[in-house]
Amino acid sequence: MTRLFNDPTEFADEMIDGFVAANANQVRRVAGGVVRSTRTPEGTVALVVGGGSGHYPAFGGIVGQGLAHGAAMGNLFASPSAQQVESVALAANRGGGVLLSFGNYAGDVLHFTQAEQKLNAAGIQTRHVAVTDDISSAPAAEKHKRRGIAGDLTVFKSAAAAAEEGYSLDEVVRVAELANERTRSFGVAFSGCTLPGADAPLFTVPDGRMAVGMGIHGEPGIDETDVPTADGLAELFVDSLLAELPEGISSARGQRVGVILNGLGSVKYEELFVVYRRIATLLAEAGLEVVDPEVGELVTSFDMAGASLTLFWLDDELERFWRAPADTPAYRKGSVAAVQQLDPSEIEAAQAVVIPEADEDSRQAAAVVVQAIEAIARVVDANADELGRIDAVAGDGDHGIGMQRGARAASAAASEALALGAGAKTLLELSANAWANKAGGTSGALWGVALSAVGDALGDEGRPTAESVSTGVAAAVDGIMSFGKAEVGDKTMVDALVPFRDTLKSGIDGGASLADAWQTAADAASAAATATADLLPRMGRARPHAEKSLGTPDAGAYSFGLIVQSIAAVLAGTSEGEK
């Protein structure tokens, strides 16, 4: 388990601070993550990678010459927010365009694609490639739904080497997509990982047993078997990966492959070498030529005991990129040419927050919003463990801690904004950004969308009405459904959101006060959240293990029910709730 920490909620930020202090010759800190501290030629395509913290050396550890130009680093096991991705991309951009690349997880897809839209709107040509190498997470016919694990490295390495050679953005994207198509990975785990400050691991595996097809966040595997010998694990890995060849390759014999045997945290190098000894023999017997194999920890998961094998099917171009030199804090290959360090005076300082003008009515409404967000933080704190337990049934178990980080950050941002004289709209926007930045993940993205939408409806002038609140809630639901692509029946937060929106509007249209209409709508949302226990998930990390979630409500819907009930109590005690 993770033993050395201060405040668990500050672990990721403190980790990044220490990482940068130890590697200042290669990386520098920017808002949202790190970028190279060395000069990159003008006109070069910038590769920005990223994901949640807790997977070192992914993602900051592979920023440097020959690999990534920047890494957006989210909180523990939570995707970076769109604002963090955008910030890192702006710092890394050298005028040749930006390629965003990340593992194919719902939160990462939401945040990185939102950042892509913002960057393109700002005139910075930006594309993205999501890595989908894990064969256990979806069948070949649905490989676009697969998650990204240790195969991240082959895609990142290929794209980065292409950028170093001066390829255009379109060509770098082509290389990244080809590398992704030719990468396959398969993983197992013997025990779960424990996040800083947690009392128990995210998941457990019975003694003497092995979870087969395990993801890097604790997502349940597709099977469970007795722990094999080292040779037995090697055979499972090789047999599983050779059973699915990339498109266009009809036979393994005569092919060249890059190989990664990756330790997830507690399986150490000596054990990995014993396993690789047999892997090398099996690949040779299959007629494969192994090119520059990597054995070690490339994508980890704190103290998880597990490993994965990746095969990267090469052609001449991809082999050149796989062999290309790189020099980063955690990954080195060959010899790179020395480049000049950036002068500290060239590094831009963070800009102060500017608070737009607001009238007294809106500032009074903002004070009520602060009370509501404080109530949200309290109810999430009180239920964080239960939310994590619910999420762990078929997911990765981090919903509670993610919601806790987001709600606390939103509450702090709201209080600061109120003290600076913000109106309701500005206060909710700043709270939305803080929630998304700190929580990351899918829930962080969706709650950021929700708070911003409500803020837009309330504005910074005038006294909000029940109708404007209802309009804001409707816009929030539309934004979440458009952004997350979920519909009623998918077993997501939307299953509680839609009845809440409809019931709230019906009550207000019928003349009820905001407090009364909100309470009735909150009751409807809570009932709908409970009813999600009878649904099978059709989206997100729980989808591959849908049957495991029967009988358990969706964590996002359940937390939404708790939150709107806490706000109902605030509205019932204020004059705002009477209007």
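Which residues touch the most other members of the largest nonpolar core? They are Val-34 and Leu-99, and this core has 65 residues. A nonpolar core here is a set of buried Ala, Val, Leu, Ile, Met, Phe, Trp, Tyr and Cys residues joined through side-chain atoms within 4.5 Å. Buried means under 20% relative accessible area, exposed over 50%, and partly exposed in between, using a 1.4 Å probe and protein chains only.

Before we go on, keep in mind that this is a predicted model, in which local features need pLDDT of at least 70 and side-chain atom pairs count only at pLDDT 80 or more, while totals for chains, interfaces and linings use all residues. Residues are numbered from 1 along each chain as its sequence is written, and side-chain values use heavy atoms, with hydrogens and water left out.

The greatest share comes from α4, with eight residues. These helices (H or I, at least four residues) and strands (E, at least two) are DSSP runs, numbered from the N terminus. Apart from this core lies another, of 63 residues, including Val-449 and Ile-508. In soluble globular proteins, nonpolar side chains tend to be buried together.

Now find Ser-37, in the loop between β2 (33–36) and β3. Ser-37 is buried, with a relative accessible area of 5%. Its side chain reaches the backbone oxygen of Asn-25 at 3.2 Å. Leaving out residues up to four places away in sequence, Ser-37 touches (heavy atoms within 4.5 Å) several residues, among them Ala-24, Gln-341 and Leu-342.

Next, look for the open sheet, where six strands follow the order β9-β8-β7-β12-β10-β11 with mixed pairing. Two strands pair if DSSP finds at least two bridges between them. At the edges are β9 (223–226) and β11 (289–296), each pairing on one side only. Strand β8 (residues 209–212) runs antiparallel to β9, and four bridges join them. Ala-211 has Glu-224 in β9 as its bridge partner.

Axes are lines fitted to C-alpha atoms, for helices over the stretch in contact, and angles run from 0 to 180 degrees between N-to-C directions. Helix α8 (residues 316–323) lies across β10, β11 and β12, at about 35° to β11.

Note on methods: A polar contact is a pair of N or O atoms within 3.5 Å; within protein, one must be able to donate a hydrogen and the other to accept it, and residues adjacent in sequence count only if both atoms are side-chain atoms.
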